[in-house]
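User: I would like to learn how to read contacts, sheets and pockets from a model, one feature at a time.

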Amino acid sequence: MTYDDLILEFDGNVAILTLNRPDKLNSLTWAMHQELKAALDEISARPVRAMLLTGAGRGFCAGQDLADLDLSRPQAIADTLEANYNPLVERLKALPFPVVCAVNGVAAGAGANIALACDFVLAARSASFLQAFARIGLVPDSGGSWVLTRTLGEARAKGLAMLAEPILAETAEAWGLIWKAVDDDKLMAEARALSQRLGAQATGALALIKQAVHAAATNTLSAQLALEAELQRQAAASADFQEGVTAFLEKRRANFMGR
Ligand code: T3D
């Protein structure tokens, strides 16, 4: 399938999805959200084992396209959150394989929080993260208040959200908000290599790890221990577990099939 504002490619079992409206810093329109849904459906229908999300041009994503809003209807903002942004964030979190985000330039507003919803965020050293919302009289959405508070604590969450000043990739890395800041010219090669590496691992186990880490944010220790036991039961029933142990005993590299 072809898209107007996205590029979807497959490299082996890795899906590479590029936001492609570079003249508007890949800001998101309602129509683009419908394309994102279709692209994620297409990805989910294939034997994909990792996904790479990035942006074309000098920005990753500047959030909502502010020209694609009906300012006369305040309800329109809540509508697009409920119809588009919230399901997108939930879907990225729930995909049964790792999602790598290569932040190639500014990630602003919902664009920052979509990046932060991915499992691994690599960012070009020149890239920045901007909770732009307060600049236009809005509040962080797409999970921004959730991820900032949990990851950074209240002081930094409030500082970033209220002051709406950008932080550079290296600061985001130092604060534990992202996985890694990478030299600009190495970003895509590193992101592709990481995606390929993840795509060759035991995919089912990686999906269960996502579940465990997400649940840990709200679980008690007892509840988490019980969940780990259940997830381990599922992982241990996989062909990849058999292969992992067999390969270890045979002193060879495991050949995981994602089953
Ligand atoms: O419906 C809802 O609102 C609910 C959902 C809300 C979620 C949100 O994301 S709200 C937050 C929306 N985003 C923003 O407020 C960020 C707006 N953009 C900026 O502040 C700046 O563009 C940046 C700081 C991100 C980058 O600045 P700079 O100087 O590098 O680039 P620029 O010149 O401002 O932008 C380049 C072009 O992209 C420019 O177009 P032009 O003049 O060359 O034709 C600019 O208008 C366009 N652009 C950038 N961001 C957006 C945008 N156009 C529409 N919407 C944008 N968000």
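User: Leaving aside its neighbours within four places in sequence, which residues is Phe 129 in contact with?

Analyst: This is a predicted model, in which local features need pLDDT of at least 70 and side-chain atom pairs count only at pLDDT 80 or more, while totals for chains, interfaces and linings use all residues. Residues are numbered from 1 along each chain as its sequence is written, and side-chain values use heavy atoms, with hydrogens and water left out. Contact means heavy atoms within 4.5 Å; with those neighbours set aside, Phe 129 is in contact with Val 103, Ala 107, Leu 116, Val 121, Ala 123, Glu 165, Pro 166, Ile 167, Ala 169, Ala 172 and Ile 178.

User: In what order do the four strands of the open sheet stand, and which are at the edges?

Analyst: Strands are DSSP runs (E, at least two residues), numbered from the N terminus, and two of them pair if DSSP finds at least two bridges between them. Here the order is S4-S6-S8-S9, with mixed pairing. Strand S4 (59–61) and strand S9 (167–168) are at the edges, each with a single partner strand, so one side of each has no neighbour in the sheet. Strand S6 (residues 106–108) pairs with strand S8 (residues 128–130) in the parallel sense over two bridges, and Ala 108 stands opposite Leu 130 in S8.

User: Which residues lie nearest the centre of the largest pocket?

Analyst: Rolling a probe the size of a water molecule over the atoms shows where empty space is left. A pocket is an open set of points on a 1 Å grid over the protein atoms alone, where a 1.4 Å probe fits, with protein on both sides within 12 Å along at least five of seven lines; lining residues have an atom within 4 Å of a point. In this case 31 residues line the largest pocket, and Cys 118, Asp 119, Phe 120, Trp 179 and Val 213 lie nearest its centre.
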